[in-house]
Structures are given as structure tokens and as C-alpha cells.
Amino acid sequence: MEHYRVAAELTPSELWWAYFALGGNRTPDAVAAIVEGRAHPDRTDHDLLALALNERFSELGRDSRVPFFDQLEA
Amino acid sequence: MSDLEPFEPGTTLPELAETLSTLAGVVLGEETLDAVLEMIVSLSVSSIPDVHGASVSLARHGEVVTASATSEIVRELDAVQYEAGHGPCIDAIRTGERQHEVGAGLLEHWPTFGAAAIEDGVASMLSTPLAVRGRSVGALNLYATTTDAFDGRTAEMATIFADHAAVVLSNAAAYAETETTNENLMAALATRQVIGQAIGIIMQRDGCGSAAAFDVLRDASQHANVKLRDVAAELVRAADPELRDERPTRGQNRP
């Protein structure tokens, strides 16, 4: 997910704030581990991060989208 | 701040250092920052013999400005440096190294600034960089009327003042970060609350669990290309009779 974060022009801290605002409960370190691929997110955390990134892409007027968890499974 | 005694000439270094440490500890906000910088420049003038003017320059948003000065002449001499793009304070900030020049050396080293300074009676100048977290963010500028004003002990005193001004700046920066964190937290908690309320409404309405309710919000948000927070807020507003019916005069007619 790291390349999405970079493309969204968000610092790790900004992404964590967006994730937290949407209802995420993990610490900044735990979120960083997920984003950098060092830990596997559950469905909720994956979707909250995807949503935070996708909302940011919309703000920037980009077409890029992070797939949601159920879209990954399909 | 007001209960601090002004310094008399001849104050010892340990006394100065102790009071400056106290100063550094009380900094909380922008107003206090200005007051402390003002105190540092006036202390520099009252405690260092032959210094007739002092200022603190700060690099802010790509330009150097005078944050505090003991007189209008000092402020003008600082401005000459900013306009010319050279001068001891500019060089101190850029190189992170102390700049000291006396007499004709001022003119040779910094022609435009040197000419203006000598005309105003400046015989020597010392600019000490202010380092915050290893970065040079400003300078303490001391203007003197004699050529030997910054020898030995006085240069040491200038360094003490500059170090404390840097601590003050560092504290102010930390305070600004805390303020930002508080603002982020308030905004995030408000968003979490409205999303939580919306999830509750959908769970009740659709008889589903919280994960499924979140998916409903998520899909509505993505399809309409509206932020999830705004979708949630609209849902809460529509479901809340007080908000729905009385939005313009909300809260005014409550018992």
C-alpha cells in the first residue's frame, strides 16, 4: 500500500489521522506496518486505509483507486 | 514575565544563564515567544558592554525577517541586509557559523550593509546563528560602537543568549505542533462520532451488523463520490428530528 500512500501525497502521519477519523483503532506504528507490507490488515483496517487513500485521490482529482477487501478476494 | 528583574551591567554569567533558563521554560505561545525574544535582545544590550543595538532575525517561509529589535536603527540595518541579500545575519543563518567583523572589514566583507552600518556609527558586528534541531533558523545580531566589543567573554555571552533564544524558538515550535495535534484530534473525533451514529442508524434500519452497515456507507460514498463523513452526516441529519426540522434555529427553543 506504500506506493498508494506516496501517490496520494500523504505523510504516514497524515494517512494515520485520516484512518483514525474514519474510525480506525490501530496505533500509528501498527498502521505504518500494514502500509509498508510488514503486517497483514484485517478487512476493517484494509478498507479504512483504502477509503482514506481513495478520498485523498478524489481530492487531488486522480483516477487511482485502492481496491477494497472484497474486491481483492473476487 | 513582568516579575523578572531587569539586568544591571556586571551581571555574572551564571546569573544570566539561570535567568535565561527560567525564561526558556515559560514559553507557551506566539505572544510569549515575542516577549521572550524582546527580553533576550534587551538583555544583550544591557549586559554586554558597548553593544548599542541587538535583534533576532528569523528565516520564515523562505525570507528573513526581524522578529525583535531594540531600536528602529537596528531594524533598518537588518532590513538593509535582507534587501542586499548579504550581511552578517544572512551569512550566519546560511552557513550556521558565527559572523564577526570590525571597522573597515564590515565594508570589505559586505559592501552595501557595511556602508550603511558605518554611517550609523557601528564599529563592530557579531551575528550568532540560532540552531533548532540542528538547523539554522535565525540569528542573534549584536551591533557595537567599539571595535573590540566582541572579544573573549562578550562573544561567550552572545553565544549564551543565542543558545537560549534557540531553546525558546524550539519550545515555541513544539507548542505549535501540540496545537496542530489538538486540532487534528478534535476534527477526527467529530468525524468518528458522526460515522458511528450513521452506522448505528443503518444497523437499526437494516437489521444488520456494524461491518455491513459500514459497507453501506462506504458504497454510498464511493458511488456518489462524496466523502464518507458527509454521507454519514447527511444520514444523521435526516434521522434526527431536531436537526431535520429545526436546522436554521437549532438549539434556540429548547426547554
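The model is predicted, with local features requiring pLDDT of at least 70 and side-chain atom pairs pLDDT 80 or more, while totals for chains, interfaces and linings use all residues. Residues are numbered from 1 along each chain as its sequence is written, and chains are lettered from A in the order in which they are written.

The contact (C-beta atoms, placed from the backbone, within 7 Å) takes 10 residues from chain A and 12 residues from chain B. On the side of chain A that touches chain B, α2 (12-21) and α4 (43-60) each supply at least two residues; helices are DSSP runs of H or I of at least four residues, strands runs of E of at least two, numbered from the N terminus. The largest share of this side, 5 residues, comes from α4(A).

Within chain A, α2(A) packs against α3 (residues 28-35) at an angle of about 105°, with the axes 10 Å apart. Axes are lines fitted to C-alpha atoms over the stretch in contact, and angles run from 0 to 180 degrees between N-to-C directions. The two helices α2(A) and α3(A) are therefore roughly perpendicular (65 to 115 degrees).

In chain B, 7 of the 9 residues of β4 (residues 124-132) are buried, so β4(B) is largely enclosed by the rest of the structure; buried denotes 20 or more other C-beta atoms, placed from the backbone, within 10 Å of the residue's own. Strand β3 (residues 99-102) of chain B pairs with β4(B) in the antiparallel sense over 4 bridges, where pairing requires at least two DSSP bridges. β4(B) and β5 (residues 135-144) of chain B run antiparallel, joined by 9 bridges. In their hairpin, with 2 residues between the strands, B:Arg133 takes a positive phi near 50°.

Definitions and conventions. Two residues are in contact if their C-beta atoms, placed from the backbone, lie within 7 Å. Angles under 35 degrees count as roughly parallel, over 145 as roughly antiparallel, 65 to 115 as roughly perpendicular and the rest as oblique. A residue is buried if 20 or more other C-beta atoms lie within 10 Å of its own, exposed if 12 or fewer, and partly exposed in between; C-beta atoms are placed from the backbone.
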